[in-house]
Amino acid sequence: MRAIERRRVLAVTPLVIVLALAAVYWSQRLTAWLAYDDEGSYLYAAWRICLGEFPYRDFLTPQLPGFLYPGALLLALTNYSVLAARLWSVVQLVITAVLLYLTVASLSDRWVALLASVLFTVQRDVFWAARFFRPEAPMLFWGMLGLYLFVLGYPRRRSATLCLSGVALALSTVSKLFGALYLLGVALYILRQGLR
């Protein structure tokens with residue numbers, strides 16, 4: 001029994017190291033630079049929501065409610081902290097890397113999953129999504145959660161898991177419209193399976 005537990009720990013250790021390094025890498029000097037125009041407009045929109053105003057009625061914003069309302073809640077809970085908003089992006093992307101690992105490991109083996117997680121964490125656009133209060137982090141998080149739940153539920157047609165997958169994919173889409181690409185990929189997979 002101890003040998004099995006030791007193997008499990010050894011299997012997870014590289015992932016934990018990668019995620020810890022990614023979190024440190026993404027979090028270095030997180031508030032050293034605050035002059036990012038898009039992020040400023042997103043923080044402003046979230047702040048106005050904190051004041052009780054409604055987007056698209058009281059002020060205009062290009063962002064969707066799945067990103068703005070949780071961001072407004074976070075700002076309200078942290079006394080409008082930019083550091084907290086940016087750290088929330090880091091946390092979401094660390095969890096996304098874990099979900100990516102779990103998804104790929106359930107489809108392939110753990111070394112391929114580890115490679116996918118490493119490549120995800122060092123990708124330039126993921127770095128920028130982690131550094132700023134932007135809708136990409138929640139979109140990636142909800143989309144990856146939806147894919148993971150789909151991979152878990154589809155082979156045995158577990159309706160509850162597939163329903164949760166659909167909810168997560170919908171939250172990805174209302175965080176940023178590009179989240180619909182996850183749903184499109186799932187739909188194309190199901191269509192392919194049906195044609196086979």
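What share of the contacts in the protein chain with a separation of 6 or more comes from residues 24 or more positions apart? Such residues account for 69% of those contacts. The model is a predicted one. Its protein chain comes to nine helices and zero strands, and buried residues make up 41% of its 196 residues.

**Overall layout**

- From the N terminus on, the elements of the protein chain run α-α-α-α-α-α-α-α-α.
- Taken along the principal axes, the box filled by the C-alpha atoms is roughly 55 × 40 × 30 Å.

**Helix α3 and its surroundings**

- Helix α3 covers residues 65-77.
- Its 13 residues should span 18 Å at 1.5 Å a residue, and the end C-alpha atoms are 18 Å apart, which agrees.
- Buried in α3 are Gly-66, Phe-67, Leu-68, Gly-71, Ala-72, Leu-74 and Leu-75.
- These buried residues pack against α2, α4 (82-107), α7 (136-153) and α8 (159-175).
- Just after α3 comes Asn-79, with a positive phi of about 60 degrees.

**Packing of α2 with α3**

- Two packed helices are described by the angle between their axes and the distance between the axes.
- For helix α2 (residues 37-50) and helix α3, the axes come within 8 Å and cross at roughly 70 degrees.
- Angles from 65 to 115 degrees count as roughly perpendicular, and α2 and α3 are therefore roughly perpendicular to each other.
- On the α2 side, the contact is made by Tyr-42, Leu-43, Ala-45, Ala-46, Trp-47, Ile-49 and Cys-50.
- On the α3 side, the contact is made by Phe-67, Leu-68, Tyr-69, Gly-71, Ala-72, Leu-75 and Ala-76.
- By class, the residues of this contact divide into 13 nonpolar, one polar and no charged.

**Packing of α4 with α6**

- Helix α6 (residues 124-131) packs with α4 at an angle of about 135 degrees, and their axes are 7 Å apart.
- α4 and α6 are therefore oblique to each other.
- Arg-86, Ser-89, Val-90 and Leu-93 are the α4 residues that meet Val-126, Ala-129, Ala-130 and Arg-131 of α6.
- The contact of α4 with α6 has five nonpolar, one polar and two charged residues.

**The two faces of α5**

- Helix α5 (residues 110-122) has 13 residues.
- From its first C-alpha to its last, α5 reaches 18 Å, close to the 18 Å expected at 1.5 Å a residue.
- The buried residues of α5 are Ala-113, Leu-114, Ser-117, Phe-120 and Thr-121.
- They cover an arc of only 125 degrees around the axis, so they lie on the same side of α5.
- The face turned away from this buried side carries the exposed residues Leu-119 and Val-122.

**Ser-175 in α8**

- Ser-175 is found in helix α8.
- Buried means under 20% relative accessible area, and Ser-175 is buried because its value is 0%.
- Leaving aside residues up to four places away in sequence, Ser-175 touches Gln-63, Leu-64, Gly-66, Phe-67, Pro-135, Pro-138, Met-139 and Trp-142.
- Among these neighbours, Gly-66 and Phe-67 are also buried residues of α3.

Note on methods
Residues numbered from 1 in each chain as written. Predicted model: local features only at pLDDT ≥ 70, side-chain atom pairs only at ≥ 80, totals over all residues. Heavy atoms only, no water. Axes fitted to C-alpha atoms, helices over the stretch in contact; angles between N-to-C directions. Helix = DSSP H or I, 4+ residues; strand = E, 2+ residues; numbered from the N terminus. Parallel < 35°, antiparallel > 145°, perpendicular 65-115°, else oblique. Contact = heavy atoms within 4.5 Å. Nonpolar A, V, L, I, M, F, W, Y, C, P; charged D, E, K, R; others polar. Expected span 1.5 Å × (residues − 1). Buried < 20%, exposed > 50% of the residue type's maximum accessible area, 1.4 Å probe, protein only. Arc of directions from axis to C-beta.
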